[in-house]
Amino acid sequence: MHPQAPSITPETLLRAYAAGIFPMAETAESDEIFWVDPRRRGVFPLEAFHISKSLARAIRRQDYEVTLDRDFEGVVRACADREETWINGTIFSLYMALYRRGNAHSIEVWRDGALIGGVYGVTLGGAFFGESMFSRATGGSKIALAYLVAHLSRCGFALFDTQFLTPHLASLGAVEISRRAYHQKLQAALEKQADFRKFAAAPRAQDILQRRTQTS
């Protein structure tokens, strides 16, 4: 980890992502930001997202609504609303700035008009850098990830970076690769052109479940 320079801008942040590093803060109250370049990197192979039987049932019920970029700020705030978070005020402001310029996006899961899950991240070329996710109801974040992976695939993305590999992400098909392998995948993805807003609406539930049939 490397302490930040005196100040960073959205442009600085995008250059950092292109170089394979991302920012974190120790706590929400911390003024200091660190740049992180893990030796081992978590990634989601877009063709190998694992939809369990229970997740398939949750998707099939369709007692929810999935949207794209409807409430980016709400997703980021929900991700930061926990006892321990690396999203401080500076990081929050930077991601809002990236959203306004079209380089940050969110996917939201709603039930009865309330946010129950979501994911947000940064886009560059054909790379999606997943930043954080949250769940306020059982399966909320898993549903969001399932729809996100399908959406990234249809929009032409080549890399879904999860930063670190957790047991939760591993259960859904994420894997860990070396820093060198990650940088190779990153450079290839940056040479592609993908558009998160290519489609105005999220994928359909039947499309998500069809992907499960094809990969199982």
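Biologist: Which strand gives the most to the lining of the largest pocket?

Modeller: E8 does, with 4 residues. Keep in mind that this is a predicted model.

Biologist: And which strands supply at least two residues of that lining?

Modeller: Strand E2 (22-25), E8 and strand E9 (159-163) each do.

Biologist: How many residues line the largest pocket, and which lie nearest its centre?

Modeller: There are 22 lining residues, and Trp86, Glu131, Ser132, Thr162 and Gln163 are the ones nearest the centre. The space in the largest pocket comes to about 490 Å³.

Biologist: Nice. What is the lining of the largest pocket like by class?

Modeller: It has 12 nonpolar residues, along with 6 polar and 4 charged ones.

Biologist: Let's switch to the sheet. What is the order of its strands?

Modeller: It runs E5-E6-E7-E8-E9-E4-E10, an open sheet of 7 strands with mixed pairing.

Biologist: Why is one side of E5 and of E10 left without a neighbour in the sheet?

Modeller: Strand E5 (65-68) and strand E10 (175-178) are at the edges and each has a single partner strand, so one side of each has no neighbour there. From one strand to the next, the twist averages 30°.

Biologist: How do E6 and E7 pair?

Modeller: Strand E6 (residues 104-111) pairs with strand E7 (residues 114-124) in the antiparallel sense, over 8 bridges. Tryptophan 110 stands opposite leucine 115 in E7.

Biologist: Which strands does helix H3 touch?

Modeller: Helix H3 (residues 72-80) packs on the sheet and touches E6, E7 and strand E8 (127-135). The direction of H3 makes about 100° with that of E7.

Biologist: On to helix pairs, then. At what angle do H1 and H4 pack?

Modeller: About 85°, with the axes of helix H1 (residues 10-18) and helix H4 (residues 89-100) 9 Å apart. That angle makes H1 roughly perpendicular to H4.

Biologist: Which residues meet there?

Modeller: From H1 you have Pro10, Leu13, Leu14 and Tyr17, which meet Leu94, Tyr95, Ala97 and Leu98 in H4. By class, this contact has 8 nonpolar residues, no polar and no charged ones.

Biologist: What about H2 and H5, how do their axes cross?

Modeller: Helix H2 (residues 53-61) and helix H5 (residues 140-154) cross at roughly 80°, and their axes come within 10 Å. H2 is therefore roughly perpendicular to H5.

How values were computed: Residues are numbered from 1 along each chain as its sequence is written. This is a predicted model: local features need pLDDT of at least 70, side-chain atom pairs count only at pLDDT 80 or more; totals for chains, interfaces and linings use all residues. Side-chain values use heavy atoms; hydrogens and water are left out. Two strands pair if DSSP finds at least two bridges between them. Axes are lines fitted to C-alpha atoms, for helices over the stretch in contact, and angles run from 0 to 180 degrees between N-to-C directions. Contact means heavy atoms within 4.5 Å. On a 1 Å grid over the protein atoms alone, a cavity is a set of points where a 1.4 Å probe fits but cannot get out, and a pocket is an open set with protein on both sides within 12 Å along at least five of seven lines; lining residues have an atom within 4 Å of a point. Grid points are joined across faces, edges and corners, and a volume is the space filled by probe spheres set on the points. Ala, Val, Leu, Ile, Met, Phe, Trp, Tyr, Cys and Pro count as nonpolar, Asp, Glu, Lys and Arg as charged, and the others, Gly among them, as polar. Angles under 35 degrees count as roughly parallel, over 145 as roughly antiparallel, 65 to 115 as roughly perpendicular and the rest as oblique.
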